[in-house]
Amino acid sequence: MMHAIESFQLTKLYNNKRAVDAVDFKMSKGEIFGFLGSNGAGKSTFINMLTGIIQPSSGSFKILNQDQKSLDKVKHDIGVLPEYSSFFDDLTPLQHLRFFCRLSHIKKTDSECLYYLERVGLEKEKNIKVKNFSFGMKKKLGIAQAIVHDPSLIILDEPTSGVDADSILKIHALIKELNEEGKSIFITSHNMDEVEKLCSRIAIMKNGKITIEGTMKDLQQQHQSLIRVNIRHEAITNELADRLKPSIQEHANITAWNNQCLMIDVQGEHDIPNILHLFFQANIGIYSVEQSQLSLEEIFLKQNQT
């Protein structure tokens, strides 16, 4: 499998403190990967090593199948949005993209630059000086600058922080579009809901180490031994409930039950059909079945408590 990012025991020391501590990591090409951690966890240091801003103390990494010594070969194929982008106050968005393209030896026409401003929702502000921009507008310009050269790997550090709700939805849609075009996207964010919705796999970093990694389902299974299930059904008598209870308890723990809603904890999803079969046998109509899974926010809090 082709990997967009790989690291092997990657480590960064500052005054004998391990900001990044022997991290082994793999991100597959073509996926959206979410990278989480509290402030000071080591996320920015990890990104800065991958992008060549700082050098590792030990270990190694590969970007787009090139090792760190050959990073210059693939820099043109990487787009980076830092958490805080710096711009020239007296330049417009269009002038910024022109300047960035010249600086990077990329040939883009004005119409091509405008296309990327349209993708981030800045087409109407193309000729307004950046000194008049809000933080959220600068964030959009940073995203346009990160993608104007059509990179195959895009690293987005807090892509929606300080951005209004409508713009957040548009940025999410853009990230999905870019991924559908075949781009590999690495995201750091404090917005748990954003990461849960967008990312196919997620890693959480704490004290310089990756403490948990996988799909959302993998993370839930590692932190949740039982699955909570709520079954809404047509009203039944207490007598009928008492007759069903022993059979249900063979497959689940009954947490609560009134005459129209049963709440149970099961070991696995395979137990749910057995419970429903008991209801069907008793000719009890089922209105809805809902599983209650841990959210990414709950998993993140649990991970940081350990």
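**Reading contacts, burial and cores**

Modeller: Let's start with C261: setting aside neighbours within four places in sequence, C261 is in contact with I231, R232, H233 and A256 (contact means heavy atoms within 4.5 Å). This is a predicted model, where local features need pLDDT of at least 70 and side-chain atom pairs count only at pLDDT 80 or more, while totals for chains, interfaces and linings use all residues. Residues are numbered from 1 along each chain as its sequence is written, and side-chain values use heavy atoms, leaving out hydrogens and water.

Colleague: Is C261 buried, exposed or partly exposed?

Modeller: Buried means under 20% relative accessible area, exposed over 50%, and partly exposed in between (1.4 Å probe, protein chains only). At 24%, C261 is partly exposed. By contrast, H96 has 3% relative accessibility, so H96 counts as buried. H96 also touches F87, F88, L91, V130 and L141, not counting residues up to four places away in sequence.

Colleague: Why is helix 1 largely enclosed by the rest of the structure?

Modeller: Helices are DSSP runs of H or I, at least four residues, numbered from the N terminus. Helix 1 covers residues 43-50, and six of its eight residues are buried, so the rest of the structure largely encloses it. Among the buried ones are F46, I47 and L50.

Colleague: And what is a nonpolar core?

Modeller: It's a set of buried Ala, Val, Leu, Ile, Met, Phe, Trp, Tyr and Cys residues joined through side-chain atoms within 4.5 Å. The largest here has 44 residues, and I202 is one of those with the most contacts inside it. Apart from it lies another core of 26 residues, including F46.

Conventions: Helices (H or I, at least four residues) and strands (E, at least two) are DSSP runs, numbered from the N terminus.
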